[in-house]
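Look over the chain below before reading on.

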Amino acid sequence: MSDKIKVQFDEAAQSYDRERRKLIPCYDDFYGTAVRWLTLEKENPRILDLGAGTGLLAALAKERYPEARFTLADLSGTMLETAKKRFAGDDSAEFIEADYTRHSFRGRYDAVISSLSIHHLSHPEKQALFYNIYDWLEDSGIFINADQVLGLTPYIDSMYKRQWESWIRGNGLPEEAVDRAIERRKLDQNATVGDQIRWIREAGFVDVDCVYQYHDFGVFFARKVR
């Protein structure tokens, strides 16, 4: 994963959570869908959060599964410091500052989750990661990725970006926050819904689908069954 990405997210860490609602037009549906599809039989599942950032998605998952044990992995130590504060006093969470495309995770997980991270990887890196996630999961495990997606045609994708930029400029964000968000998006390597579904299936998953999409925000679900 690029050093530029680490630098940008280190710099954005303090304001990241505060700005989320004003940067994601579908905030409640986007995160809400990811958590609703986190359907696990165990009361104390092991959950790995890739690109966990400030721990936002993990904290929402914790509300659904209070006895869950979490591993939060992120390239940005500054982001993880915020996540540690969010989980302060909770010994069910461990934190790993590392590039999750290269890290060797111990044991297996009942779920692997991720939000707004995997789109930073090159397409070959995404495909390799999906194979790794399959290996990291228990045989009945699930994978949920709430992320950005590429429009099916250049025109559609440009409309997604134009409408997103218009929306964030009109909702009260300071100009410098808008500029930072637009600058961060220059590093994005979004892939289409269809390509990602195909890659996840090729990694061995079943019941793969994009279960929610609003413009260029989508939530993917997949199961590992052996």
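**Salt bridges and a helix**

Lys-62 counts as buried, at 17% relative accessibility; buried means under 20% relative accessible area, exposed over 50%, and partly exposed in between (1.4 Å probe, protein chains only). This is a predicted model, in which local features need pLDDT of at least 70 and side-chain atom pairs count only at pLDDT 80 or more, while totals for chains, interfaces and linings use all residues. Residues are numbered from 1 along each chain as its sequence is written, and side-chain values use heavy atoms, leaving out hydrogens and water.

The side chain of Lys-62 meets that of Asp-90 in a salt bridge (3.4 Å, N to O), that is, a side-chain nitrogen of Lys or Arg within 4 Å of a carboxyl oxygen of Asp or Glu. Asp-90 is partly exposed, at 22% relative accessibility. By this rule the count comes to 18 salt bridges.

Another salt bridge joins Asp-99 and Arg-102 (3.8 Å, N to O). Asp-99 is buried at 12% relative accessibility, whereas Arg-102 is exposed at 69%.

Now take helix H5, residues 123–136. Helices (H or I, at least four residues) are DSSP runs, numbered from the N terminus, as are strands (E, at least two). The buried residues of H5 are Lys-126, Leu-129, Phe-130, Ile-133, Tyr-134 and Trp-136. Seen down the helix axis, these residues fall within an arc of 160 degrees, so they line one face of H5; the arc is that of the directions from the axis to the C-beta atoms. What covers them includes strand E1 (46–50) and helix H8 (193–202).

Terms used: Expected span 1.5 Å × (residues − 1). Contact = heavy atoms within 4.5 Å.
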